[in-house]
Each structure stands twice: as structure tokens, then as C-alpha cells.
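Hi,

Here is the model I said I'd pass on. Please open it next to this email and read along.

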Amino acid sequence: MKWSFRVLRVAGIEVRIHLTFLLLLGWMAWAFYREGGAEVALRGLGFVSLLFLCVLLHEFGHALAARTFGIRTPDITLLPIGGLARLERMPEKPTQELVVALAGPAVNVVIAATLFAILGQVQRPESLDELILPQVALMQRMAHINLILVGFNLIPAFPMDGGRVLRALLAIRLDYVTATGVAAQVGQVLAVVLGVLGFFPNPWLHNPFLVFIAIFVYLGAGQEAEHVRLTAVMRKGRARDAMMTEVALLREEHVLNDAVERLLATPQKEFPVVDGEGRVVGLLRRGGLLEGLRDRGAWSPVAEAMSRDVLAVPADEDLDRVSERMAQAGADAAVVLDPEGRLEGLVTLDNLEEW
């Protein structure tokens with residue numbers, strides 16, 4: 001995700017922090033400082049840090065549950081509105097998605113139950129504002145906050161966990177696209193309700209931040225439904241259906257000036273590089289070409305600027321699988337090879353979008 005940076009790696013999963021998260025910490029530190037000085041600010045930031053630790057553990061619950069089904073999680077990003085575990089793909093079976101969706105809230109239930117057991121009592125706060133006051137006992141605040149995280153995440157609206165739970169339950173009886181559409185519509189209705197409640201004077205609900213969350217949920221539900229529809233369409237196609245067959249090639253002995261001529265004469269941004277027998281040995285991308293021109297000059301070999309890490313797919317590969325592999329590899333193009341390893345065509349992100 002753009003504007004994020006890695007802070008650590010746990011169990012093969014990168015933990016990243018988005019820049020806006022740091023802005024949130026800075027704003028809260030200033031708010032706490034104005035309220036009670038440096039001591040209150042430090043205690044307030046300590047509480048916020050523990051809160052997002054619970055959010056991080058929540059996301060690891062999703063990631064580790066997905067791992068049991070063979071689904072990797074490259075990274076988890078902390079944002080001002082919570083955490084985002086980026087799964088390589090969504091579970092294919094409704095029961096698997098149900099387990100993955102519930103694993104995150106289950107972590108918060110365990111945390112809350114543990115804290116209440118230590119406290120030995122359950123004391124209901126009068127309002128949400130009370131839970132962020134540094135004067136309230138830390139464990140009490142954290143226990144209630146974890147319960148709120150459970151309830152909030154189980155709202156049946158994408159991209160909340162509850163939306164995925166609803167979709168999984170519907171998908172047991174309905175096809176995946178229809179189930180997603182119904183769940184998305186439910187989520188958008190609830191988002192409108194949540195946004196309206198954010199304006200009402202109520203100690204539990206009156207919070208302008210709820211309006212922001214409602215907008216996020218509304219847009220997220222629509223994007224999820226659109227993504228699933230597009231994926232269903234792409235499953236009907238193969239790599240050969242979307243690939244370019246008239247591809248401008250480069251050879252290892254060509255220089256960057258030759259690549260510039262092809263870049264200006266064709267709509268391509270990526271150029272397969274082949275050896276003397278016609279086999280693909282690399283891919284020269286537009287960015288690599290520009291860096292090569294800057295660092296080495298126009299008469300340097302393309303072999304010095306090309307990438308040898310080339311994503312290759314067979315012509316009969318499903319387009320949704322091609323798109324998935326490109327996303328996993330961070331590739332903007334994939335070469336389509338015949339059984340002998342020779343080039344048949346080129347699939348780019350633009351090709352997929354146009355198809």
C-alpha cells in the first residue's frame with residue numbers, strides 16, 4: 001500500500017504502518033496534551049498504542065486462519081480506521097471464508113475475556129468518551145474496547161468482517177456473485193443508517209467519526225461487489241483471449257536506443273527480450289528503460305536494464321488466475337509462452353482492463 005512503511009516481520013508477515021496513522025497519533029498526542037499536559041499525553045498515547053496492538057492481533061487472527069487453508073498474507077497495514085490484512089486470495093469455500101472472517105473477532109473476545117477475568121468484574125461505562133479518558137483504569141478500558149471492536153467488526157457490511165460472514169452464509173445457498181451483491185446492498189443500507197446516527201446527540205453514537213466510517217463502509221461494499229463481478233467475468237476468459245499477439249521484441253544485442261524507437265512507434269510499455277533461439281530471457285519495462293538511459297546512456301545493452309524476473313503464463317490460464325499471479329508478483333505484464341517456451345503473446349494490466 002502506498003504511503004506505508006515496514007516496521008517488523010512476524011511469522012512471515014510484514015507489519016506496515018500507514019503515514020496517516022502517524023498523523024493520527026500526532027493529533028491525539030496534541031489533544032491529550034492540551035487536556036492535561038505531558039503526563040496525560042503519554043498515558044493517552046500508551047492507551048492508543050495498546051488499542052492498535054489489539055487491532056494488529058485481530059488481523060493476525062485472520063492471517064493465521066487463512067494460512068490453515070493455504071492462503072498467504074504478505075502484509076498487514078495499520079490505518080487510522082483499523083488494520084488491513086492483505087490476503088493473496090479469498091477462500092474459495094463459504095465455510096473457509098466464515099472461519100477466516102470470524103477468526104479476527106474471536107481474538108478480541110479472548111482478550112476481553114482475559115481482562116475481565118483479571119478484573120473480576122464488569123463495569124459498564126456511561127459513554128464511549130469515557131473509554132478514552134486516561135483517568136479510567138487501563139485494563140477496564142481495554143476490555144470494553146475489545147468488546148466494541150467485536151461488535152463493530154461484525155456489522156454485516158463490507159469490508160467489515162460481518163459483511164464477509166453474511167456473504168459466506170448466503171453463498172452456502174446462492175452463487176458467489178449473487179451472495180456478494182446481496183451482502184453489499186445490506187452493507188450499504190447499514191452504512192447510511194450508521195452515517196445518520198452519527199449526527200444524533202447520543203453518548204454512544206454521536207460522533208462525527210462515525211460519518212467517515214459510514215462513507216468508508218458504503219464505498220467498500222460497492223467496490224467488493226464490483227470486484228467479485230469482474231472476477232466472475234474473467235473466469236470465463238483465458239490468457240490467449242486478452243493477450244497482444246503483435247508484440248514488439250528486443251534481442252539481447254540491442255541497445256537502449258533501439259528500445260526508445262520501439263517505445264515511440266508502438267503503444268507498448270513493456271518489451272520482451274529474447275535470445276537467438278527466440279526464448280524469452282527478460283522484460284524491459286518503461287521504468288527500467290528510463291533508468292538505463294539516465295544511468296548508462298542510450299548505447300548501453302538492453303540486457304543491463306531489463307528484468308530477468310519475468311512472469312510467464314500458459315495460453316490456457318484463466319484470466320482471473322493471470323490477474324491474481326500478476327498482483328502477487330507485483331508485475332505489470334506477463335508473457336504468454338507456448339509449450340516449448342517461445343513467446344505467443346503479452347498480457348498487460350491495460351489488456352486485462354480492456355478485456
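Below are my notes, starting with the whole protein and then going through the sheets and the helix pairs.

Some ground rules before the details. This is a predicted model, so local features need pLDDT of at least 70 and side-chain atom pairs count only at pLDDT 80 or more, while totals for chains, interfaces and linings use all residues. Residues are numbered from 1 along each chain as its sequence is written, and side-chain values use heavy atoms, with hydrogens and water left out.

**The whole protein**

The protein has eleven helices and ten strands; these are DSSP runs numbered from the N terminus, with helices being H or I of at least four residues and strands E of at least two. Along the principal axes, the C-alpha atoms fill a box of roughly 75 × 50 × 35 Å. Of the 355 residues, 41% are buried, where buried means under 20% relative accessible area, exposed means over 50%, and partly exposed is in between (1.4 Å probe, protein chains only). Take the contacts between residues at least 6 apart in sequence: 58% of them join residues at least 24 apart. Contact here means heavy atoms within 4.5 Å.

Two strands count as paired if DSSP finds at least two bridges between them. For axes I use lines fitted to C-alpha atoms (for helices, over the stretch in contact), with angles from 0 to 180 degrees between N-to-C directions.

β2 is worth a look by itself. Six of its six residues are buried, and both faces are covered: I13, V15 and I17 lie on one side, with E14, R16 and H18 on the other. β2 (residues 13-18) pairs with β1 in the antiparallel sense over six bridges. Within that pairing, F5 has I17 as its bridge partner, and L8 stands opposite V15. The hairpin of β1 and β2 has two residues between the strands, and A11 takes a positive phi near 55° there. Towards β3, β2 runs parallel and is joined by four bridges; E14 is partnered with D75 of β3.

**The three-stranded sheet**

The order here is β5-β6-β7, again an open sheet with mixed pairing. β5 (250-251) and β7 (280-285) are the edge strands, each with pairing on one side only. Two bridges link β5 to β6 (residues 270-274) in the parallel sense, and L250 stands opposite V273 of β6.

**α2 against α4**

The axes of α2 (residues 94-119) and α4 (residues 161-171) come within 8 Å and cross at roughly 160°. That makes α2 roughly antiparallel to α4 (under 35 degrees is roughly parallel, over 145 roughly antiparallel, 65 to 115 roughly perpendicular and the rest oblique). The crossing of α2 past α4 is left-handed, meaning that the near helix is turned anticlockwise from the far one by less than a right angle; clockwise would be right-handed.

From α2, the contact uses P94, E97, L98, A101, L102 and P105, and from α4 it uses D161, R164, V165, R167, A168, L169 and A171. By class, the residues of this contact are nine nonpolar, no polar and four charged. Nonpolar covers Ala, Val, Leu, Ile, Met, Phe, Trp, Tyr, Cys and Pro, charged covers Asp, Glu, Lys and Arg, and the others, Gly among them, are polar.

Eight of the eleven residues of α4 are buried, so α4 is largely enclosed by the rest of the structure. The buried ones are D161, G162, G163, R164, V165, R167, A168 and A171.

**α8 against α9**

The axes of α8 (residues 256-265) and α9 (residues 286-295) come within 10 Å and cross at roughly 135°. That makes α8 oblique to α9, and α8 passes α9 in a left-handed crossing. L256, A259, V260 and L263 of α8 meet R286, L289, G292 and L293 of α9. This contact has six nonpolar, one polar and one charged residues.

Cheers
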